[in-house]
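This briefing describes the structure shown below.

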Amino acid sequence: MTATVGVVLFPGSNCEFDVIEAINTLGGDARLVWHGEHRLAPFDALVLPGGFAHGDYLRPGAIARFSPIMKAVERFAAEGGPVVGICNGFQILTEAHLLPGALQKNRGLTFLCRPVQLEVTSSRSVLTSDVPPGQRLRIPINHFEGNYTCDKTTLAELQADDRVVLRYVENPNGSIDDIAGICNPAGNVVGLMPHPERAISTLLGSNDGCHLLRSLLHSSSSDRHPAGADATAAAAGAGRLRSEP
Amino acid sequence: MTFSILVEVTLRPGIADPQGTTIERALPALGFDSIRGVRTGKAIRFSIDADEEATARATVDDLCRRFLTNPVIEEASVQVEPAIG
């Protein structure tokens with residue numbers, strides 16, 4: 001069955017259509033979900049795309065965390081539904097406490113926008129379940145606040161539980177332990193700074209992002225999570241945008 | 001009573017402050033050779049109605065912890081003064 005993926009659109013998101021294009025190219029069925037909605041259609045997975053939600057005011061993700069849709073996202077995640085935050089989406093997931101730690105400004109004082117080499121270091125997340133640990137991927141990064149940090153206890157837990165899912169081969173931003181992506185204890189919530197949706201064709205320089213997004217689609221179409229969505233929200237309304245009241 | 005609040009949000013000691021570093025690096029070119037340890041932050045001002053200063057402070061501390069700062073990387077200092085007029 002085709003996996004349906006909700007892509008949450010915040011004011012200031014700017015990677016949502018790239019994610020939709022990538023998911024649909026790989027055989028999924030991705031639709032936009034407006035952040036002002038209170039309910040989710042019965043999706044198989046959710047993606048929080050990159051960009052500058054709410055202008056990154058106060059801090060990246062600090063305001064987006066309080067968007068109405070986030071309560072439904074938290075429920076979906078708590079019920080085991082796959083949730084992936086890419087770049088700004090990762091920042092939102094940390095602010096929402098769905099993932100530990102924080103993303104601080106890059107060590108080198110500069111905004112970074114270039115392809116990097118990543119190593120998959122754990123297969124226990126929905127985004128890396130089909131990728132053998134040790135596999136290297138070439139995927140672009142595009143961020144100023146991508147320098148992952150957390151306290152020593154959290155880092156020890158992430159390492160001990162095999163929850164660091166992606167590491168930079170050459171650390172571009174000062175991220176602690178070369179971390180590019182992590183997951184929650186259940187493996188269904190994943191945050192990463194690189195943009196797999198921008199690496200789905202060799203015409204774009206790399207199609208290595210397909211490995212990650214295919215894993216997500218496979219994880220989503222399996223029966224590993226109950227329908228985490230609010231069944232009363234009609235699927236037909238899922239792709240429709242509505243302005244905030 | 002109404003109180004005027006000033007919250008200063010700064011990065012915790014040990015957290016890199018690229019903006020502060022960049023400002024400090026620019027200073028010698030302007031002849032400011034004696035300035036060290038530049039750190040940047042955000043100033044947030046607002047007013048709050050509360051029965052007494054301690055109540056106002058408790059509310060603002062809660063606000064700082066849950067919203068105005070990310071305690072993983074930031075800390076806040078709070079000034080509370082009776083609003084004038």
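Which residue is the bridge partner of Glu119(A) in β7(A)? The partner is Arg136(A), in a pairing where eight bridges join β6 (residues 112–120) of chain A to β7(A). The model is predicted, and local features are described only where pLDDT is at least 70.

**Chain A overall**

- Chain A contains five helices and eleven strands.
- Taken along the principal axes, the C-alpha atoms of chain A fill a box of roughly 45 × 40 × 40 Å.
- Burial applies to 55% of the 245 residues of chain A.
- Among contacts in chain A with a separation of 6 or more, 78% come from residues 24 or more positions apart.

**Strands β6 and β7 of chain A**

- Strands β6(A) and β7(A) run antiparallel.
- Strand β7(A), spanning residues 136–143, is mostly covered, with six of its eight residues buried.

**Helix α2 of chain A**

- Helix α2(A) comprises residues 69–78, and its buried residues are Ile69(A), Met70(A), Ala72(A), Val73(A), Phe76(A) and Ala77(A).
- These residues lie on the same side of α2(A), because they cover an arc of only 155° around the axis.
- The elements that cover the buried residues of α2(A) include β1 (4–9), β2 (29–34), β3 (45–48), β4 (83–86) and β11 (189–192) of chain A.
- After α2(A) comes Gly80(A), with a positive phi near 100°.

**Helix α3 of chain A**

- Helix α3(A), residues 88–95, is largely enclosed by the rest of the structure, since eight of its eight residues are buried.
- The buried residues are Asn88(A), Gly89(A), Phe90(A), Gln91(A), Ile92(A), Leu93(A), Thr94(A) and Glu95(A).
- Their cover includes β3, β4, β5 (102–104) and β11 of chain A.
- His97(A) follows α3(A) and has a positive phi, near 60°.

**The sheet of chain B**

- In chain B, three strands make up an open sheet with antiparallel pairing, in the order β2-β1-β3.
- Strands β2 (41–49) and β3 (74–82) of chain B are the edge strands, each pairing on one side only.
- From one strand to the next, the twist averages 20°.
- Helix α2 of chain B, residues 53–68, packs on this sheet and touches β1, β2 and β3 of chain B.
- The direction of α2(B) makes about 155° with that of β3(B).
- Strand β1(B), residues 2–11, is joined to β2(B) by nine bridges, and the two run antiparallel.
- Within β2(B), the residue opposite Thr2(B) is Asp49(B).

**Contact between the chains**

- Ten residues of chain A are in contact with eight residues of chain B.
- On the side of chain B that touches chain A, five residues are nonpolar, three are polar and none is charged.

Notes:
Residues numbered from 1 in each chain as written. Chains lettered and ligands numbered in written order. Predicted model: local features only at pLDDT ≥ 70, side-chain atom pairs only at ≥ 80, totals over all residues. Pairing = 2+ DSSP bridges. Helix = DSSP H or I, 4+ residues; strand = E, 2+ residues; numbered from the N terminus. Axes fitted to C-alpha atoms, helices over the stretch in contact; angles between N-to-C directions. Contact = placed C-beta atoms within 7 Å. Buried ≥ 20, exposed ≤ 12 C-beta atoms within 10 Å, placed from the backbone. Arc of directions from axis to C-beta. Nonpolar A, V, L, I, M, F, W, Y, C, P; charged D, E, K, R; others polar.
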